[in-house]
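Please open the structure in your viewer and keep the selection panel at hand. The tour below goes stop by stop, saying what to select and what is found there.

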Amino acid sequence: MQRICGSLARAGYDVLLIGREWSTSRPLTPQPYGQHRLRCHFQRGKLFYLEFNLRLLLYLLGQRAAAWCAIDLDTALPMWLRARLGGQPLVYDAHELFTEVPEVVARPAIQRIWRRIEQFVVPRAQLAYTVGPALAKVFESRYGRPFAVIRNISRLQHNTLPPAPAAAPASGYILYQGALNAGRGLEALLAAMPQVAGRLVICGEGDLSAELRAQAAALGLLESGQVEFRGFVLPDELREVTRQAALGLNLLENLGLSYYYSLANKFFDYLHAGIPQVVVDFPEYRALNDEYAVADLVADLQPATLAAALNRLLRDEPAHYQELAENCRRARPLLSWQHEEKRLLALYVALVGAPHPVSV
């Protein structure tokens with residue numbers, strides 16, 4: 001959202017980003033757009049969603065905008081109602097296929113509710129876009145309407161990366177960045193680490209934070225220093241953490257279409273840092289890797305499979321590591337936010353014309 005809001009603001013739109021404040025939230029950093037956090041009493045479950053949506057709607061009633069953008073289904077109903085009341089267009093920005101995330105798929109009754117919301121909101125959005133071609137095709141097949149694609153790609157920094165190293169740096173580490181939630185392959189990753197010739201740094205928190213720390217402690221990985229949990233890391237800090245890594249991880253289990261057709265921003269973050277990565281063999285990642293060859297794909301998330309893939313890059317095949325690192329450097333200018341930004345701005349110009357106040 002920082003990329004999207006920043007691009008719209010720099011183009012001259014008046015942008016307001018509304019989010020939710022968590023107990024662990026760090027202070028907001030200055031941005032070229034407005035920011036507001038909603039405080040909720042409930043932290044999770046049905047009461048949280050009810051409270052959040054009511055608080056969001058009440059806050060929106062005091063705002064004015066030329067367009068209203070809902071980020072995924074959990075903000076869609078208040079945004080639709082505010083757009084309807086004001087007679088302005090609704091934008092639907094699907095960062096995922098919300099009805100197919102593991103937490104929803106595992107609860108059929110809840111999934112039916114979210115599907116009804118999706119069926120109500122998506123056809124009523126004047127503009128809709130998502131993060132990858134595969135998800136766009138799913139939405140288009142469901143609703144018979146166009147979905148644009150705005151990939152969540154890193155902005156190209158014009159600093160030049162040093163030449164690709166001849167082997168994985170001895171001082172580097174394996175990096176996982178992202179939510180510590182079900183279906184991310186993290187339990188198998190920790191089980192693999194005693195057989196891996198390297199150190200793992202985990203940046204992020206989530207529903208499994210306590211369980212994963214307990215698993216790492218039971219395996220002796222915390223005491224030995226082979227695994228380090230750094231918690232939430234601000235974006236600017238995370239870029240430096242990624243730059244110093246030896247390789248990155250992007251592991252997902254096939255627990256629903258949202259994961260299977262995902263195109264995570266971390267794929268591009270690793271690529272822009274010039275580091276190879278180990279990625280699950282899902283369609284979007286295979287398509288990109290067939291073209292750019294920046295990663296090793298794994299067919300499953302068994303600990304033995306992960307250990308073998310990591311050791312191949314960290315220790316066993318330095319020439320292969322160097323080849324992937326060189327390919328990252330060649331791909332950076334071709335896969336950058338500067339290209340996606342042009343498509344994003346064209347969508348909003350077509351929707352609301354020259355820059356007006358836009359609430360995102």
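**Helix 1 and its surroundings**

Select helix 1 and display its buried residues, which pack against strand 1 (14–21), strand 4 (90–94), strand 5 (127–130) and helix 16 (337–352). Helices (H or I, at least four residues) and strands (E, at least two) are DSSP runs, numbered from the N terminus, and contact means heavy atoms within 4.5 Å. The buried residues of helix 1 are Ile4, Cys5, Gly6, Ser7, Leu8 and Ala9, where buried means under 20% relative accessible area, exposed over 50% and partly exposed in between (1.4 Å probe, protein chains only). Continue past the helix to Gly12, which follows helix 1 and has a positive phi, near 110°.

Before moving on, note that this is a predicted model, in which local features need pLDDT of at least 70 and side-chain atom pairs count only at pLDDT 80 or more, while totals for chains, interfaces and linings use all residues. Residues are numbered from 1 along each chain as its sequence is written, and side-chain values use heavy atoms, with hydrogens and water left out.

**The two domains**

Now colour the protein by its domain assignment, which gives domain 1 (1–153 + 337–352) and domain 2 (173–332); such bounds come from an automatic or database domain assignment. The centres of the two domains, taken over C-alpha atoms, are 27 Å apart, and the contact between them takes 22 residues from domain 1 and 21 residues from domain 2. Domain 1 and domain 2 bury about 1,700 Å² between them, with 59% of it on carbon and sulfur atoms; buried area is the accessible area (1.4 Å probe) that two parts lose on being put together, summed over both.

Across this interface the rule finds two salt bridges, a salt bridge being a side-chain nitrogen of Lys or Arg within 4 Å of a carboxyl oxygen of Asp or Glu. Select Asp269 and Arg3 to see their side chains meet in a salt bridge (3.4 Å, N to O).

Which elements give two or more residues to the side of domain 1 that touches domain 2? They are helix 1 (2–10), helix 4 (102–105) and helix 6, and helix 6 gives the most, with four residues.

**Arg142 in helix 6**

Stay with helix 6 (residues 133–143) and select Arg142, which has its place there. Arg142 is partly exposed, with a relative accessible area of 32%. Leaving out residues up to four places away in sequence, Arg142 touches Leu97, Thr99, Glu100 and Glu118. With the side chain of Glu118, the side chain of Arg142 makes a polar contact (2.7 Å), that is, a pair of N or O atoms within 3.5 Å; within protein, one must be able to donate a hydrogen and the other to accept it, and residues adjacent in sequence count only if both atoms are side-chain atoms.

**Two asparagines**

Next, select Asn53 in helix 2 (residues 45–61), a buried residue with a relative accessible area of 18%. A polar atom of the Asn53 side chain lies 2.8 Å from the backbone oxygen of Tyr49, and, not counting residues up to four places away in sequence, Asn53 touches Asp74 and Pro78.

Finish at Asn327 in helix 15 (residues 318–331), which counts as buried at 10% relative accessibility. Apart from its neighbours within four places in sequence, Asn327 is in contact with Tyr292, Ala293 and Val294.
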